[in-house]
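The sequence and structure are shown first, and the description follows.

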Amino acid sequence: KRAKRLGNKAMDLLVINTLVPFLYAYGKHKGDDELQRRSIELLSQVKPENNYITRMWEQANIFAESAADSQALIQLQKEYCDKKNCLRCRFGYIHLCHK
């Protein structure tokens, strides 16, 4: 037997998907704008996620510099690309209408 430790990527994912949303929601519940701001700042200090969605954006030459960026790209994918709402998305609109 040996002790198990979380790797850096696993820790980053915990921060991105658990700590930051919890801090933001708690700050919103308490009316603490500073706590909400700090949670977003924390997100901008964490490395971006590396997953299927972020790699697809990279193929389109759109790169995430922080976890805040990768979360935004994931949200765009889910809200626009997956729902085929291309013309409502700035990237999709430019790609489809200005080529």
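Is Glu 34 buried, partly exposed or exposed? Glu 34 is partly exposed, because its relative accessible area is 37%; buried means under 20% relative accessible area, exposed means over 50%, and partly exposed lies in between (1.4 Å probe, protein chains only). The model is predicted, so local features need pLDDT of at least 70 and side-chain atom pairs count only at pLDDT 80 or more, while totals for chains, interfaces and linings use all residues. Residues are numbered from 1 along each chain as its sequence is written, and side-chain values use heavy atoms, with hydrogens and water left out.

**Salt bridges**

Glu 34 belongs to helix H2, which covers residues 33-45; helices are DSSP runs (H or I, at least four residues) numbered from the N terminus. The C-alpha atom of Glu 34 is 9.6 Å from that of Tyr 24, a residue 10 places away along the chain.

A salt bridge is a side-chain nitrogen of Lys or Arg within 4 Å of a carboxyl oxygen of Asp or Glu. By this rule the model has three salt bridges, which are set out below.

| Side chains | N to O distance |
|---|---|
| Arg 37 and Glu 34 | 2.5 Å |
| Arg 37 and Glu 41 | 2.6 Å |
| Glu 79 and Lys 83 | 3.2 Å |

Salt bridges link Glu 34, Arg 37 and Glu 41 in a network. Within helix H2, Arg 37 and Glu 34 are three residues apart, about one turn of the helix. Arg 37 and Glu 41, also both in helix H2, are four residues apart, again about one turn. Arg 37 is partly exposed, because its relative accessible area is 41%, and Glu 41 is partly exposed at 36%. In the pair formed by Glu 79 and Lys 83, Glu 79 counts as partly exposed at 33% relative accessibility, and Lys 83 counts as partly exposed at 47%. As a general point, side chains of opposite charge can pair when their charged atoms come close.

**Nonpolar cores**

A nonpolar core is a set of buried Ala, Val, Leu, Ile, Met, Phe, Trp, Tyr and Cys residues joined through side-chain atoms within 4.5 Å. The largest such core has six residues, namely Val 15, Ile 16, Val 20, Leu 43, Val 46 and Ala 67. Helix H1 (residues 8-30) gives the most to this core, with three residues. A second, separate core has five residues, among them Ile 53, Trp 57, Leu 73 and Ile 74.

Which residues does Leu 43 contact, leaving aside its neighbours within four places in sequence? Contact is defined as heavy atoms within 4.5 Å. On that basis, Leu 43 is in contact with Ile 16, Val 20, Ser 66, Ala 67, Ala 68 and Gln 71. In soluble globular proteins, nonpolar side chains tend to be buried together.

**Helix H3**

Helix H3 spans residues 52-59 and includes Gln 59. Thr 54 also lies in helix H3. Thr 54 is buried, because its relative accessible area is 2%, whereas Gln 59 counts as exposed at 70% relative accessibility.

A polar atom of the Thr 54 side chain lies 3.2 Å from the backbone oxygen of Glu 49. Apart from its neighbours within four places in sequence, Thr 54 contacts Glu 49, Ser 70 and Ile 74. Gln 59 is 42 residues from Asn 17 in sequence, and the two are 24 Å apart in space, C-alpha to C-alpha.

**Loops with positive phi**

Most residues other than glycine have a negative phi. Asn 61, a residue other than glycine, has a positive phi near 65 degrees. Asn 61 is found in the loop between H3 and helix H4 (67-81), and Asn 61 counts as exposed because its relative accessibility is 62%.

Lys 84 is not a glycine either, yet has a positive phi of about 55 degrees. Lys 84 lies in the loop between H4 and H5 and is exposed, with a relative accessible area of 69%.

**Nonpolar surface patch**

Leu 87, Tyr 93, Ile 94 and Leu 96 make a nonpolar surface patch of about 400 Å². Patches are made of residues with over 30% relative accessible area and no salt bridge, with like charges joined within 9 Å and nonpolar side chains (Val, Leu, Ile, Met, Phe, Trp, Tyr) within 5 Å. Accessible areas come from the Shrake-Rupley method with a 1.4 Å probe, and for residues only the protein chains shown count as cover. Leu 96, one of the patch residues, is in helix H5 (residues 90-97).

Definitions and conventions:
Helices (H or I, at least four residues) and strands (E, at least two) are DSSP runs, numbered from the N terminus. A polar contact is a pair of N or O atoms within 3.5 Å; within protein, one must be able to donate a hydrogen and the other to accept it, and residues adjacent in sequence count only if both atoms are side-chain atoms.
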